[in-house]
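Have a look at the fold first, then read on.

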Amino acid sequence: QVQLVQSGGGLVQPGGSLRLACDVIGSTAIYDMGWYRQAPGKQREPVATMRSDGNIKYAESVMGRFTISRDNAKNTVYLQMNSLKPEDTAVYYCNAHWSYEINYWGQGTQVTVSS
């Protein structure tokens, strides 16, 4: 069974930084990876995605502030979040996509940006 194990997150003041990590456990396959977030009362939305070929896309709201990266040897994906804003407050989820039938989610981690 493939599992995505997330770490990082927490409480930070506006303008601060956090780094999230997501370990793919149980597979050496290189998936399309992404970070999504869901705030109370809102739909889950993509924040940053990285295809297996390295193609990266960011949501406009985080462009220039967030950076997605991966270590293929460890099969780990990271999300570096800088200049955090209160509107970034959400539960962040790691996603690994192989096909319609093979799609995995991490357990989610809370990011709270508040003074």
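Strand 1 and strand 3 (residues 18-25) run antiparallel and are joined by five bridges. Within that pairing, Ser7 sits opposite Ala21 of strand 3. A word on terms: strands (E, at least two residues) are DSSP runs, numbered from the N terminus, as are helices (H or I, at least four), and two strands count as paired if DSSP finds at least two bridges between them.

This is a predicted model, in which local features need pLDDT of at least 70 and side-chain atom pairs count only at pLDDT 80 or more, while totals for chains, interfaces and linings use all residues. Residues are numbered from 1 along each chain as its sequence is written, and side-chain values use heavy atoms, leaving out hydrogens and water.

Now for strand 9. How many of the eight residues of strand 9 (residues 90-97) are buried? Six are, so strand 9 is largely enclosed by the rest of the structure. Buried means under 20% relative accessible area, exposed over 50%, and partly exposed in between (1.4 Å probe, protein chains only).

| Partner of strand 9 | Sense | Bridges |
|---|---|---|
| Strand 4 (residues 32-38) | antiparallel | seven bridges |
| Strand 10 (residues 103-105) | antiparallel | three bridges |
| Strand 11 (residues 109-113) | antiparallel | three bridges |

Met33 has Ala96 of strand 9 as its bridge partner, Asn95 stands opposite Trp105 in strand 10, and Ala90 is bridged to Val111 in strand 11. Strand 9 also connects to strand 10 by a hairpin of five residues.

Finally, the loops. Most residues other than glycine have a negative phi. Asn75, though not a glycine, has a positive phi of about 55 degrees. Asn75 lies in the loop between strand 7 and strand 8 (76-81) and is buried, with a relative accessible area of 6%. Ser83 also has a positive phi, near 50 degrees. Ser83 is in the loop between strand 8 and strand 9 and, at 41% relative accessibility, counts as partly exposed.
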